[in-house]
Amino acid sequence: MQKKALIAMSGGVDSSVAAFLMREAGYECIGATMKLFQNEDIGIPREHSCCSLEDVEDARSVAFSLGMPYYVFNFAERFGEEVIANFISAYENGRTPNPCIDCNRYLKFEKLFLRAKELSCDCVVTGHYARIECDDVSGRYLLKRGADGTKDQSYVLYSMTQEQLAHVQFPLGGMPKSEVRRIAEEQGFINAKKADSQDICFVQSGKYGDFIESYTGKKYPEGDFIDTDGNVLGRHRGIIRYTIGQRKGLGIAADRPLYVVKINSADNTVTLGSNEDLFSAALTARDINLISVRRMDAPMRVQAKVRYRHVPQWATVTQSDEDTIHVVFDEPQRAITAGQAVVLYDGDVVVGGGTIV
C-alpha cells in the first residue's frame, strides 16, 4: 500500500522541495499550511511574514504543480496560547524566549502531528535541515545535525519525542541549501528564488517591546538602570525592551561600554556591567527533553549550545532529577540567558536539551 505524508508547507523553498522529494520517493502527499495568526491582528502588513496571503498562495501553487491536495489549517488559537503568550510572559519576567522552539513543540510536532493522524498519514514532513536515524543498539530514534552546517536546525528541534521522531521525515537533512535551490529552479517552483525568513514571524520589525505593548495594550513602567554594586545609573524604558548582553539602545553615557548583565522583574531594575560581567561557567536548565538517552545516570561529556548561533562548547552535564540538568562548561561562556534553550550534542547527535533558568 502506498504510504501517505502530510507536508508542512510554509510557502518557502525548503518545504516545497521537501514535498517534491517525498513525491519522488513514492509517497502520496498532502500539503498543509498552518495559519498561525491574522497579520492585521498583530500589527503586521498583510503582505509580510510566513502567514501572509502571498505565502499561502505560493504553497498552494507548488502543491498544485505537484498534483497534491492542499489545505490551510487554522491553528491561531493554539499559537496564541502556547507561543505568543509564552513570548510575552518571558519578557515580562526578565527572560528571553525562543518562540521557534515553542512553535515546533506545540504546533508542527503536536497539533499538525495529530491532524496527520486524523488524515491517516504515515508521517509528517518538514523542510528542516536536520536528520533522523534509528540506533540499532538502543532502539532509540536519534536527532542529528543537518549535513549543511550553515543551515543546521537541530537546535530548535530538541524537544521532539521518540514517537514524533518515529513519524517525522526531514528530506533536506543530508543536502546543502544550494542543492535545494537548484531543485526548486529545475521544477519551476514559483518560490525558487524566495528569500529565507530571518526574524520571528510575528514580530517582523524586530522591536519586541513595541510588539508586546501593542499586543497587550499595556504600558510597561520605567525603572532604574543600576550597576553591579547597586548604584543608580539612569532610567530604563521597561524591562521588556532588554535582553542579556544588549549594548545598543541603552541611552546611558559612560566612560566604558556597558551591557545588560541582569534583569530583575521583581524590583523592575536592569543591571549594567562590563563585557567581563557577562561570562559564566555554569547553568541550570529545566523542562528537559532527552533524545539519545533515557536518563543521564552519570555525568556526561557533551558539547553544548546556549543559543541558536552559539558555537558548541565542551561541557559536563549532570541530571539531578527528572526535569533538571546542570551544565558546567570547560570555559566560561558569554551571555548565558534565562529563557533560551541549552542543547547538548554528542558529535552530530542531539543528546537533549532544556530551558535555561
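Two strands are said to pair if DSSP finds at least two bridges between them.

**Figure 1. Overview of the predicted model of the chain.** The chain contains 7 helices and 17 strands. Its C-alpha atoms fill a box of roughly 70 × 50 × 35 Å, taken along the principal axes. A compact globule of 357 residues would have a radius of gyration near 21 Å, and the value of 22 Å for the chain agrees with this. Of the 357 residues, 52% count as buried. Among contacts between residues at least 6 apart in sequence, 64% join residues at least 24 apart.

**Figure 2. Surface and charges of the chain.** The accessible surface comes to about 16,600 Å². Carbon and sulfur atoms account for 47% of this surface.

**Figure 3. The hairpin of strands S10 and S11.** Strand S10 covers residues 259-264 and strand S11 covers residues 269-273. The two strands pair in the antiparallel sense over 5 bridges. Val260 stands opposite Leu272, a residue of S11. There are 4 residues between the strands, and in this hairpin Asn268 takes a positive phi near 60°. In a regular strand, side chains alternate between the two faces of the sheet.

**Figure 4. The hairpin of strands S8 and S9.** Strand S8 (residues 223-226) and strand S9 (residues 232-236) are also paired in the antiparallel sense, here over 4 bridges. Val232 of S9 is the bridge partner of Ile226. The hairpin has 5 residues between the strands, and Gly230 takes a positive phi near 90°.

Figure 5. Is Asn191 buried or exposed? The relative accessible area of Asn191 is 1%; a residue counts as buried under 20%, and Asn191 is therefore buried. Which residues does Asn191 touch, not counting those up to four places away in sequence? They are Gly11, Gly12, Val13, Ser16, Asp58, Val62 and Arg181. Asp14 is 177 residues from Asn191 along the chain, but the C-alpha atoms of these two residues are separated by 9.5 Å.

Methods: Residues numbered from 1 in each chain as written. Predicted model: local features only at pLDDT ≥ 70, side-chain atom pairs only at ≥ 80, totals over all residues. Heavy atoms only, no water. Rg over C-alpha atoms; globule rule 2.2 N^0.38 Å. Buried < 20%, exposed > 50% of the residue type's maximum accessible area, 1.4 Å probe, protein only. Contact = heavy atoms within 4.5 Å. Areas by Shrake-Rupley, 256 points an atom, 1.4 Å probe, with all protein chains shown as cover. Lys, Arg positive; Asp, Glu negative; His and termini not counted. Charge placed at Lys NZ, Arg CZ, Asp CG, Glu CD.
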